[in-house]
Amino acid sequence: MNFELLDLDAAQAGHEKCDVLLMLLSSSFKAGRSPLSSLISKALKAGDLADKPGSLLDIYRPAGLACARLVLVQLGDGKPSNVRKGVTAAIALLKSAKPRQITLCFDQAPDGQALHVALTSLAATSYVYATTVSKAEVRTIALVKVGVPNSTDMAAPFAQSVATVRGIELAKEWANRPANHATPSHLARAAQALAKSPRIKCEVMNLKDVEKLGMGAFLAVAKGSAEPLKFIELHYKGAPKSQPPVVLVGKGITFDSGGISIKPAAEMDEMKYDMSGAASVLGVFKALAELQPGINVVGLIPACENLPGSRAVKPGDVVTSMSGQTIEILNTDAEGRLVLCDALTYAERFKPQAVLDIATLTGACVIALGGVRSGFFSNDAAMTAAMAQASESSQDLCWPMPLDDDYAEGLKTNYADVANVAGRPGGAITAAKFLQRFTGKYPWGHLDIAGSAWKSGAAKGATGRPVGLLLHYVLSLQTRVA
Ligand code: BES
Ligand code: MN
Ligand code: ZN
């Protein structure tokens, strides 16, 4: 699906030849004299386009217009959630029509946020997973022309939104793939493919390298599976060496059975999504490859399966992490924090300006925040502020969570420096407290995306979150430095 930006006002939109003209209307619509404009006024006056956000009016071969079909979309006050509602409803309506070309127009100049939500919603609603379906009905939309009255102002936000869509779709592809089609080796190859783009480099470490580094926590998780582990390191170099990078660490558990502390059978298939953090890092690098911004970014992905093989780590085993801290593994299903803690120690070598890890870490975070907002934890005020802004501008939402030291009490044990689990209360926070022990040397943030990375039920599938959030965050660092 390609995107093109056009300079179009409501009068010019009527002359656009396309399969479908999607006209997004706000409640402050001002009628002009063009045929399209008078059609809209009549429809509004007659009440045929309700003023409720998400209302649609579908018109076939409208007289005097060049489009084969016109869909009027009511956005109401035009706030982001209503833009999403409107575009999602319109694209869902068109699914059976199989349009190849859509022209998307705004009745008045949108801001970057409205444009971003419109494009990401269009992409999300028209997305089709096809890789392992032999007769998939793939997406028919080949070209989306985006008409705005202020196209020169919108060129940069447009490019950023299109790059975000590319990143989201790469993340969805990898997160959606079944675990036997998305092993650590597959992820490593995907990362290496990204390194074909300018300014991107990729290195993949194997068992021997990880042993040499002393990543005892990561190794303990990987031991239960015959599938070889990979430690993936990506670099995007868009600024001079003197500029410290931001490091993104993605949890890459390609399947989480729980290990010896095995999970119940129901919905265990969804643990193929347990590498969604890793997928989001790949997605961000895809977007960086397209945008080529002036920043330095490092991506780290500890990737392995968590299985109960005969060599698997056992409850009560004590391992030594790369940091030197010993860990008593009381529950082998709390594996995400084990692979992450060694990657967080490894991140120190880049002398980063900030480190952000992204993980489907805890069921408790799903209970706390559901699927609307990802949980965000940080020890750094500047990062917390930048993430709050990125959350708003990307509409890939997160919410600040606490890190009081009292939450770490339950991680105490007589047999090691720290245990890998505490009790059930505050489970998302105690997991973050565990990670925090490994992050003393840089500003750090942690995103728990267990609720936001995929949807269950009939609409089961990866969301591509939080690629939008991450991209907005890393790009905000660029403007701050410049
Ligand atoms: N990958 C899971 C977290 C998860 C569970 C995400 C369900 C989304 C839905 C993680 O590895 C895990 O198993 N966490 C345990 C931690 C517990 C043993 C302290 C959990 O949340 O149950
Ligand atoms: Mn687990
Ligand atoms: Zn897991």
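Predicted model: local features only at pLDDT ≥ 70, side-chain atom pairs only at ≥ 80, totals over all residues.
Q: Where is proline 466 found?
A: Proline 466 is found in the loop between E20 and helix H14 (467-481). Helices (H or I, at least four residues) and strands (E, at least two) are DSSP runs, numbered from the N terminus.

Q: What makes the bond between arginine 465 and proline 466 a cis peptide bond?
A: Look at omega. Omega is about 0° for the bond that joins arginine 465 and proline 466. Most peptide bonds are trans.

Q: Why is the contact of aspartate 269 and lysine 460 called a salt bridge?
A: A salt bridge needs a side-chain nitrogen of Lys or Arg within 4 Å of a carboxyl oxygen of Asp or Glu. Aspartate 269 and lysine 460 meet at 2.7 Å, N to O. Aspartate 269 lies in the loop between strand E10 (252-256) and helix H9 (276-291), and lysine 460 in the loop between strand E19 (454-455) and strand E20 (461-462), so the pair ties together parts 191 residues apart in sequence. The whole structure holds 15 salt bridges.

Q: How do you know that aspartate 269 is partly exposed?
A: Use the cut-offs: buried is under 20% relative accessible area, exposed is over 50%, and partly exposed is in between (1.4 Å probe, protein chains only). Aspartate 269 has 37%, so it counts as partly exposed.

Q: What makes aspartate 317 and lysine 314 a salt bridge?
A: Their side chains meet at 3.2 Å, N to O. That passes the distance test. Lysine 314, at 45%, is partly exposed.

Q: What parts does the salt bridge of aspartate 405 and lysine 433 tie together?
A: The two side chains meet at 2.8 Å, N to O. Aspartate 405 lies in the loop between strand E16 (398-400) and strand E17 (418-419), while lysine 433 is in helix H13 (residues 427-436), so the bridge ties parts that are 28 residues apart in sequence.

Q: Is lysine 433 buried or exposed?
A: Lysine 433 has a relative accessible area of 3%, so it is buried. Aspartate 405, with 59%, is exposed. Elsewhere, Lys251, Asp274 and Glu335 are joined into one network by salt bridges that share partners.

Q: Why is strand E15 called mostly covered?
A: Five of the five residues of E15 (residues 374-378) are buried. Ser374, Phe376 and Ser378 lie on one side, Gly375 and Phe377 on the other.

Q: How do you know that E15 and E16 pair?
A: Two strands pair if DSSP finds at least two bridges between them. E15 and E16 have three, in the parallel sense. Glycine 375 stands opposite tryptophan 399 in E16. E15 is also joined by four bridges to strand E18 (residues 444-448), and these two run antiparallel. There, serine 378 has glycine 445 as its bridge partner.

Q: What makes asparagine 82 and aspartate 77 a polar contact?
A: A polar contact is a pair of N or O atoms within 3.5 Å; within protein, one must be able to donate a hydrogen and the other to accept it, and residues adjacent in sequence count only if both atoms are side-chain atoms. The side chains of asparagine 82 and aspartate 77 are 2.8 Å apart in this contact. Asparagine 82 sits in helix H3 (residues 80-94). With 6% relative accessible area, asparagine 82 is buried.

Q: What polar atoms of the protein does an oxygen of ligand 1 meet?
A: An oxygen atom of ligand 1 is 2.9 Å from an N or O atom in the side chain of aspartate 256. An oxygen atom of ligand 1 is also 2.7 Å from a polar backbone atom of glycine 363.

Terms used. Residues numbered from 1 in each chain as written. Chains lettered and ligands numbered in written order. Heavy atoms only, no water.
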